[in-house]
Structure formats: C-alpha cells, structure tokens
Amino acid sequence: MTGTLLQLFWTFFTIGLFNFGGGGAMLSLIQAQVVTRYGWITEGQFTDIVAISQTTPGPIGINCATYVGYEVGGAAG
C-alpha cells in the first residue's frame, strides 16, 4: 500500500510540476496516468471524477487528485 501511495504522490507531483495551461490541461495528463498507464480507475470512474470535480468549488486538478487518491488509497490516504 505504501508503494501505491508513493506512486500516487509522484504521479500528481510530476503532473503539477510540468503542466502549463491550468486544470483543463491537466485532465488529459491525469487520465493518461491513472486510467491508461496504471489502471487505478476505470474510464467510467474517471468521467464521474471529472463531473464531480467540476461541480465542487476549487481548482479542478486538485479536486481530481483528491478524488483519485481517495478511490485508490481508500482509508490509508
């Protein structure tokens, strides 16, 4: 579980570090990492994450990262 949490941290750290263009530009990078590369969540879950992140206040990239961390890490996150 610790390895997964470190992978989560590193994934979102690098996305935030190298991304230009705001939260909308982050979505494709987040999808490429968490759905395609690691398979932590499904495509349907990612669609739900985007919808929830858009309706909650705050930056969409941070909301997506929080929700993915909750789904993958569960209570440990």
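1. Helix H4 in this predicted model has 14 residues. From first C-alpha to last, H4 reaches 19 Å, close to the 20 Å expected at 1.5 Å a residue. Gly 74 follows H4, and its phi is positive, near 60 degrees.

2. Which residues of H4 are buried? They are Ile 60, Gly 61, Asn 63, Cys 64, Val 68, Gly 69, Val 72 and Gly 73. An α-helix has 3.6 residues a turn, so residues three or four places apart point the same way.

3. What do the buried residues of H4 pack against? Their partners are H1, helix H2 (23–37) and helix H3 (43–55).

4. Asn 63 deserves a separate look. Asn 63 lies in H4, which spans residues 60–73. Is Asn 63 buried or exposed? Its relative accessibility is 16%, so Asn 63 counts as buried, the cut-off being under 20%. Leaving aside residues up to four places away in sequence, Asn 63 touches Ser 53, Thr 56, Pro 57 and Gly 58.

5. Now the surface. Phe 9, Trp 10, Phe 13, Leu 17 and Phe 18 form a nonpolar patch there. Together these residues have about 600 Å² of accessible area.

6. Phe 9, one of the patch residues, is found in helix H1, residues 2–18. Why does Phe 9 count as exposed? Its relative accessible area is 52%, and exposed means over 50%. H1 is also among the helices that the buried residues of H4 pack against.

Definitions and conventions
Residues are numbered from 1 along each chain as its sequence is written. This is a predicted model: local features need pLDDT of at least 70, side-chain atom pairs count only at pLDDT 80 or more; totals for chains, interfaces and linings use all residues. Side-chain values use heavy atoms; hydrogens and water are left out. Patches are made of residues with over 30% relative accessible area and no salt bridge: like charges are joined within 9 Å, nonpolar side chains (Val, Leu, Ile, Met, Phe, Trp, Tyr) within 5 Å. Accessible areas come from the Shrake-Rupley method with a 1.4 Å probe; for residues, only the protein chains shown count as cover. A salt bridge is a side-chain nitrogen of Lys or Arg within 4 Å of a carboxyl oxygen of Asp or Glu. Helices (H or I, at least four residues) and strands (E, at least two) are DSSP runs, numbered from the N terminus. Buried means under 20% relative accessible area, exposed over 50%, partly exposed in between (1.4 Å probe, protein chains only). Contact means heavy atoms within 4.5 Å. The expected span of a helix is 1.5 Å times one less than its number of residues.
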